[in-house]
Amino acid sequence: MSPLEYILDKARWAPSGDNVQNWRFEIISEDAFIIRAFDTRDTVVYDFDGRPSQIALGALLENISLAASHQQRRAEFLRMDSQENRNDSRTLAYQVRLLPVDICVPHPLVDMIEKRSVQRRALSTSSLSEEHQRALEQAVGENFSICWFGGWQQRWKMAKLLWRNAKIRLTMPEAFPTHKKVIDWGKQFSEDRIPDQAIGMDKLGLLLMRWAMHSWQRVNWMNRYMAGTWLPRLQLDLIPALFCATHFMIVAKQEPQTVEDFVAAGRSLQGFWLTATQLGIQLQPEMTPLIFSWYVKAGRSCSDTAGIQEQMLELQQSLAAFCHPAILKNTSFMGRIGYGKPAQSRSLRLKLQDLFLQSSSEGKNDTSDYLTGQKCLDKEHS
């Protein structure tokens, strides 16, 4: 395996929303390639302005940077958008150059890239050790900090907030296509979706969910007459929220607004997540309250259903009161963590060859005219 293939093979394990893997690779030479990234804002209600996709892209860049250190390389990133496309971030392109270095210490987090996974089931309620907490706070980098929400009282408040949040997403018809598409039924592993065994529900819950997910009409009937949201909210939100060490927010020094801000947040998140994996700490994202908060702040609705917007506004106000409005404004990621066993069922990734695009002759011979963006130098690692 060549250095470039090794680096891309590690890169593809970056997390992405619903395991959509919103990138493809175009090889330019043995030490250069282009990342063609896309977002799902037009089809996925949770991909607000493409921000979650941009965070995932940042995690991909971090994997590339880490893996490059194992091949005596330093990764250099250059955004490639033409000026007229700068305002439309639905598609992004980054050229990556792998520069040889004389002295390069392989980064230990590379060994965690393929081990990192999402654990949606109950975790230990034991508090994080001070040493582990400090390591995680250092892992996000100097431009970010961590706000912790541990202890029974704060976990109970977060559990109630997530309970309300889950009702919104489970009764919103605009979210149904995503929920239906993302689950790979009867699977322990999945290359391009989430296997049902990784969702966090018991066998009865999965049977009911699979029946209901056949159509929105079934889901709506269950919600109306059979208290259909109660079981998934209990198993997927309330119990996990209570049974963990702590909830957390990754908070930027300044409010993230641009593509580069959310890409940087993704790099910070990946360093945090890989460090947690190295310490034997499991993690689950809890992004929908934050995403709904973004909708409210922007004055936009994500549903035509009566009452949804009012519920989102109340949720956003509760979240701001819980963590403080200034913290919420700068937050780029939310989740829960705790000690526990890694997930036995998880999402895998598409094979590397399935992520390759064919290089065009124009791309090989005249990429300089297309490179009008801002250079993003590789982040240093100690």
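A residue is taken as buried when its relative accessible area is under 20%. In this predicted model, Arg 267 has a relative accessible area of 9% and is therefore buried. Its salt-bridge partner is Glu 62, with N and O atoms 2.8 Å apart. Arg 267 belongs to helix 9 (residues 259–278) and Glu 62 to helix 2, so the contact ties together parts that are 205 residues apart in sequence. Glu 62 is likewise buried, because its relative accessibility is 2%.

The structure contains 16 salt bridges. Among them is the pair Arg 12 and Asp 9, whose closest N and O atoms are 2.8 Å apart; both residues are buried. A salt bridge also joins the side chains of Arg 41 and Asp 39, at 2.8 Å from N to O, and these two residues are buried as well.

Asp 39 also takes part in the lining of the largest cavity, together with Asn 22, Ala 37, Phe 38, Gly 50, Ser 53, Gln 54, Ser 89, Arg 90 and Leu 92. Strand 2 (32–38) and helix 2 (51–68) are the elements that contribute two or more residues to this lining. By class, the lining comprises 3 nonpolar, 5 polar and 2 charged residues. The volume of the cavity is about 40 Å³, and a search of the whole structure gives 1 cavity of 30 Å³ or more.

On the surface, a nonpolar patch is formed by Trp 152, Leu 234, Ile 239 and Phe 243, which together have about 360 Å² of accessible area. Phe 243 is located in the loop between helix 8 (230–242) and strand 9 (246–252). With a relative accessibility of 36%, Phe 243 is classed as partly exposed.

Conventions:
Residues numbered from 1 in each chain as written. Predicted model: local features only at pLDDT ≥ 70, side-chain atom pairs only at ≥ 80, totals over all residues. Heavy atoms only, no water. 1 Å grid on protein atoms, 1.4 Å probe; cavity = no way out; pocket = protein on both sides within 12 Å on 5 of 7 lines; lining within 4 Å. Points joined across faces, edges and corners; volume = space filled by probe spheres on them. Helix = DSSP H or I, 4+ residues; strand = E, 2+ residues; numbered from the N terminus. Nonpolar A, V, L, I, M, F, W, Y, C, P; charged D, E, K, R; others polar. Patch = residues over 30% accessible without salt bridge, like charges linked within 9 Å, V, L, I, M, F, W, Y side chains within 5 Å. Areas by Shrake-Rupley, 256 points an atom, 1.4 Å probe, with all protein chains shown as cover. Salt bridge = Lys/Arg side-chain N within 4 Å of Asp/Glu carboxyl O. Buried < 20%, exposed > 50% of the residue type's maximum accessible area, 1.4 Å probe, protein only.
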